[in-house]
Amino acid sequence: MKIAVIGSNGQLGSDLCSVLSHKHEVLELTHADIEISDVDSINQVVSSTRPDIILNTAAYHVVPEAENYPQKAFSLNAISALNLARVCQDKKIRLLHYSTDYVFDGLKNAPYVETDRPNPLNVYAVSKLAGEQFVLNYCERSMVVRVSGIYGKIASRAKGNNFVSMMLKLAKEKPEVRVVNDEFLTPTPTLAIAKNTAALIEADTRGLFHMSCSGEVSWYEFARHIWDVLGLDTPLFPASVKDFPAVVKRPYYSVLENKALKDLSVYEMPEWREALTQFLLTTYK
Ligand SMILES: NC(=O)c1ccc[n+]([C@@H]2O[C@H](COP(=O)([O-])OP(=O)(O)OC[C@H]3O[C@@H](n4cnc5c(N)ncnc54)[C@H](OP(=O)(O)O)[C@@H]3O)[C@@H](O)[C@H]2O)c1
């Protein structure tokens, strides 16, 4: 298969390229190679390279910033996704687009399946939900993959960090670190997402998929495990979301149940703790 990866030097994109290149021809597309807010740029790249499938990792995903720049969030997360969907439909190319657990409001307090009704609480999440719907409704051979709490060897380009790299920085610079113990997610390494994406695209299917590690954890427990595995000395304390000023509304519970992948028998994600231990030992020890 010829696979184009948009955002190939990003956190998720870089792992997708390294995993998929074992078996496929991978076209690595950085922002310098393609501008997805520009349909002509997409058409030009697609016409000259003719991929079988496009994977889109590009996003405007600094959540507090999106509140101040909703046009930018909608331009990249929604309109650019529509651009890709239209070109892929026109050229009969498959499209896989990544989205987020933040499309949910968290009030369910139990793992979300793909058929649960989204209720995004902030600009970023609303724009990502719009992008999902453009992709699924404008491109017949499309998939949307929602991921949660991602971390990889290369920190997110848009954010300049991920939770692991941010915790290590705080542990180095601060006398103590406080992390919320009442907001729940499933930490998931981008390498695991890349491997399960490889299995999903082989399945030649379409639709909406949740893709996260198994298990659930608070941000504090996520941090605690980093401290334990790497033997960090800086004191780490649990805190409440109420202890921090709320810049933007977020779901307090955004755990994903990976039902659609399990139904297709292509669920290959590890348990969150085992995956994090492996990541920390290979990246930092
Ligand atoms: N980070 C999380 O915890 C999290 C949680 C849930 C879901 N997600 C989703 O996961 C996906 C991947 O996130 P990530 O952390 O891997 O992102 P990232 O590291 O910021 O990578 C995004 C890539 O897209 C490129 N890009 C940005 N704007 C573009 C444009 N207009 N045209 C073409 N390329 C463009 C970026 O290039 P430049 O940097 O050069 O502009 C970068 O290479 C996103 O869809 C995000 O919404 C993330």
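**Ligand shell**

I sorted the shell around the ligand by class and found eleven nonpolar, ten polar and five charged residues. For these classes, Ala, Val, Leu, Ile, Met, Phe, Trp, Tyr, Cys and Pro count as nonpolar, Asp, Glu, Lys and Arg as charged, and the others, Gly among them, as polar. The model is predicted, with local features needing pLDDT of at least 70 and side-chain atom pairs pLDDT 80 or more, while totals for chains, interfaces and linings use all residues. Residues are numbered from 1 along each chain as its sequence is written, and side-chain values use heavy atoms, without hydrogens and water.

I then looked up which of the 26 residues around the ligand (a heavy atom within 4 Å) come nearest, and noted Asn9, Leu12, His31, Glu35 and Arg157. Strand 4 gives the most to this shell, with three residues; strands here are DSSP runs of E, at least two residues, and helices runs of H or I, at least four, numbered from the N terminus.

A side-chain N or O atom of His31 lies 2.8 Å from a ligand oxygen. For Glu35, I recorded 2.8 Å between a polar side-chain atom and a ligand nitrogen. Tyr98 places a polar backbone atom 3.4 Å from a ligand oxygen. I also noted that the protein covers 90% of the 930 Å² of accessible area that the ligand has on its own (Shrake-Rupley method, 1.4 Å probe).

I listed the contact (heavy atoms within 4.5 Å) in which Val39, Ile42, Asn43, Val46 and Ser47 of helix 2 meet Asn83, Leu84, Val87 and Lys91 of helix 4. By class, I found five nonpolar, three polar and one charged residues there.

Conventions: Polar contact = N/O pair within 3.5 Å; in protein donor to acceptor, adjacent residues only side chain to side chain.
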